[in-house]
Amino acid sequence: MTPAPPLGVYIHWPYCARICPYCDFNVFRDRGRADEQAALVQAIAEDLKTQAALTGPRELVSIFFGGGTPSLMDPQAVADLVALAGRLWTPASDLEVSLEANPTDAETARFAALADAGVERLSLGLQALDDAALAFLGRNHDAAAGRRAAAAAARAFPRLSVDLIYARPGQTPAAWRDELGEALALGPGHVSPYQLTIEAGTAFDRAVRRGRFAPPDADLAAELFETTQAVLEQAGFDAYEVSNHARGAAARSRHNLVYWRGWDYVGAGPGAHGRLTGATGREATIAHARPADYIAAVRETGLGFSSREPLSPVEAAEERLLLGLRIVEGVPFAELAALELSPRHPRVVGLAEAGLVADDPERLRATPAGRLVLDSLTARLVA
């Protein structure tokens, strides 16, 4: 009998001190919600217990606190949830416990307590190291606070990742190269540089439609992407995923690899997504988005799900393809059988001849050129 694959746990903390204009995540204002937040911690704990009964015994490889701004959580609540997950599943010897944080001075003051709570990897949302850019992005910190937070995080946590946003209006490749160099000097082992995307329904979406600013054109965005790859590669970081770079395999995000490798993960907290494999196949779960609805659902059923839908073999294979091509290792052809893709499939052969996928008899892998056009590449493969 094939052993069940490892498991990740994602915990969504939806509260933010300020909602950024580019953000389309499930977030709510932090103020005046102390009672709701206390109830939410209890609901997340109950949800985890009920989902553990669904997954059965599994090796737990990662716990990720995302948001929102989970660095606003009470560190004791973080400690309690980490300990609970460790009792519900079997922690791997190298269990990764990550938490997202913003670099405000108030949150930086919590870093030592969060490390004591069991967090060993901090994902720090620097986003920029330029005060004008931070103001444009609607951040509630300046570049000096970002540098202080990175220094404090490097002291408190064994592993540090930083997020940056590029392709901002008016940004040049030369300026971006310098900013990347400044970020690397802060000592992270992992860097996640994201191109600014204008998500529907956000404040930036409305601003663009009103003509208040325009994102860079496709040629400049591509040049900024290529600058990103060159600078990070020269600094010893490997681009193991489209927007994620690590200084060696040990620095890679084990939690995100759970997603990209198609393993199961429990999603708990308002709006959290999950993927569970049971006797009837793979299921997609989505939790209620509003904290009050999530808490009420857990109290009634033990689960925070607003939906729990089976994925057909084709749907599961398509998802495996879309996520797996983001990483350099790609996807074994055996896991794409429902799509009838093989090394000899005409679409695969044509993409290999075009230099967009590797000529590999075992795995479907995008080349660096293919990752530049990943959306169109995957669309051709699932057509």
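**Reading aromatic pairs**

Mentor: Let's start with a group of rings: ring pairs join Tyr22, Phe136, Phe204 and Phe213 into a cluster. Keep in mind that this is a predicted model.

Trainee: How many aromatic pairs does a search of the whole structure find?

Mentor: The search turns up 10 aromatic pairs. Take Tyr22 and Phe204: their ring centres are 6.3 Å apart, with the planes at 50 degrees.

Trainee: Why is the pair of Tyr22 and Phe204 tilted?

Mentor: Planes under 30 degrees apart count as stacked and those over 60 as edge-to-face, so whatever is left is tilted. With 50 degrees between the planes, Tyr22 and Phe204 are therefore a tilted pair.

Trainee: Which parts does that pair of Tyr22 and Phe204 tie together?

Mentor: Look at where each residue sits. Tyr22 is in the loop between β2 (15-16) and β3 (28-29), while Phe204 belongs to helix α8 (residues 203-209), so the contact ties together parts 182 residues apart in sequence.

Trainee: Is Tyr22 buried or exposed? And Phe204, buried or exposed?

Mentor: The cut-off for buried is under 20% relative accessible area. Tyr22 has 15%, so it is buried, and Phe204 is buried too, at 6%.

Trainee: What about Phe111 and Phe157, how do I read that aromatic pair?

Mentor: That one is edge-to-face, with 5.7 Å centre to centre and 65 degrees between the planes. Phe111 lies in helix α4 (residues 111-116) and Phe157 in the loop between α6 (143-156) and β7 (159-166), so this pair ties together parts 46 residues apart in sequence. As for accessibility, Phe111 is buried at 1% relative accessible area, and Phe157 is buried at 4%.

Conventions:
Residues are numbered from 1 along each chain as its sequence is written. This is a predicted model: local features need pLDDT of at least 70, side-chain atom pairs count only at pLDDT 80 or more; totals for chains, interfaces and linings use all residues. Side-chain values use heavy atoms; hydrogens and water are left out. Rings of Phe, Tyr and Trp (its six-membered ring) pair if their centres lie within 6.5 Å; planes under 30 degrees apart count as stacked, over 60 as edge-to-face and the rest as tilted. Helices (H or I, at least four residues) and strands (E, at least two) are DSSP runs, numbered from the N terminus. Buried means under 20% relative accessible area, exposed over 50%, partly exposed in between (1.4 Å probe, protein chains only).
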